[in-house]
Amino acid sequence: MVSSNTVELLREEIPVKQQPLTLSANIKTGLVLVDVVNGFCTVGAGNLAPKEPDERISHMVKESVRLSKAFSERKWPILAFLDCHHPDKPEPPYPPHCIIGSNEEKLVPDLLWLENDPNATLRQKECIDGFLGSTEKDGSNVFIDWVKSNQIKQILVAGICTDICVLDFVSSVLSARNRGFLPPLENVIVSSQACATYDLPLHVAKTNKAFVSHPQELMHHVGLYIARGRGADIASEVLFDN
């Protein structure tokens, strides 16, 4: 386990600038949920799910549910990415996970209602990066179409893992925005409280040569830091003006 002193030193050396965010109807905002599915969030659900209750992941789910309900009540657009894979199409270096039909690829129980919410769009992405996973065979892109059809000026991103799927998606969106592919999108905001990553301590990683250590708090911070460096804003908390 990484010591608290190490994490605090990291926060001092590479601080992440973040501040509270208050959302209002004056700026059209869309919520993007990244992989808040059983296979990553529900204890014992699969190879990449937590083996025991995880405080950081549980908090991320709770905050994602709160944001989803607030957006739905206001009839603001929601896009939920669902990691999923075919049994014969592995995703190295990761073990089999979120196999279609296994229930791992389903939203966590507290978000299943989104399947029937008229404001929500669900997208199975079949890869790490939801932006790439939004691409259809004809070259169109579900995420780009969602932004344009809803005239979204900013997106709020929540989900798991901060330093993997969330970061890859955010980086791609920022690049696409900078290239002019995403009008009228201007701002990309990551909710630090509504994101999380997994924990694989060094002493566990040493038991299997296929494992790579992944200290949870450290990598969550690194993911936010890189997202900020790429041009995203980081929200320490998310409030609503009504």
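This is a predicted model: local features need pLDDT of at least 70, side-chain atom pairs count only at pLDDT 80 or more; totals for chains, interfaces and linings use all residues.
The largest nonpolar core has 66 residues, and its largest share, 9 residues, comes from helix α6. Helix α6 also packs with helix α8 at an angle of about 5°.

**Annotated domain**
- The UniProt record, an unreviewed entry, places the feature "domain: Isochorismatase-like" at residues 30-210.
- This span is 31% helix and 18% strand, and its end C-alpha atoms are 38 Å apart.

**Packing of α6 and α8**
- Helix α6 covers residues 162-178 and helix α8 covers residues 216-230; their axes lie 9 Å apart.
- Because angles under 35 degrees count as roughly parallel, α6 and α8 are described as roughly parallel to each other.
- On the α6 side, the contact is made by T162, D163, L167, V170, S171 and L174.
- These residues meet M219, H220, G223, L224, I226, A227 and R230 in α8.
- By class, the contact of α6 with α8 has 7 nonpolar, 4 polar and 2 charged residues.

**Nonpolar core**
- Within the largest nonpolar core, the residues with the most contacts are F143, I155, F169 and V170.
- Leaving aside residues up to four places away in sequence, V170 touches V157, V188, V190, A227 and A232.
- V170 and A227 also belong to the contact between α6 and α8.

**An exposed leucine**
- L132 is located in helix α4, which spans residues 130-133.
- L132 counts as exposed because its relative accessibility is 55%, and the cut-off for exposed is over 50%.
- In soluble globular proteins, by contrast, nonpolar side chains tend to be buried together.

Note on methods: Residues are numbered from 1 along each chain as its sequence is written. Side-chain values use heavy atoms; hydrogens and water are left out. Axes are lines fitted to C-alpha atoms, for helices over the stretch in contact, and angles run from 0 to 180 degrees between N-to-C directions. Helices (H or I, at least four residues) and strands (E, at least two) are DSSP runs, numbered from the N terminus. Angles under 35 degrees count as roughly parallel, over 145 as roughly antiparallel, 65 to 115 as roughly perpendicular and the rest as oblique. Contact means heavy atoms within 4.5 Å. Ala, Val, Leu, Ile, Met, Phe, Trp, Tyr, Cys and Pro count as nonpolar, Asp, Glu, Lys and Arg as charged, and the others, Gly among them, as polar. UniProt positions are given in the numbering used here, feature names are shortened, and annotations may be inferred rather than shown by experiment. A nonpolar core is a set of buried Ala, Val, Leu, Ile, Met, Phe, Trp, Tyr and Cys residues joined through side-chain atoms within 4.5 Å. Buried means under 20% relative accessible area, exposed over 50%, partly exposed in between (1.4 Å probe, protein chains only).
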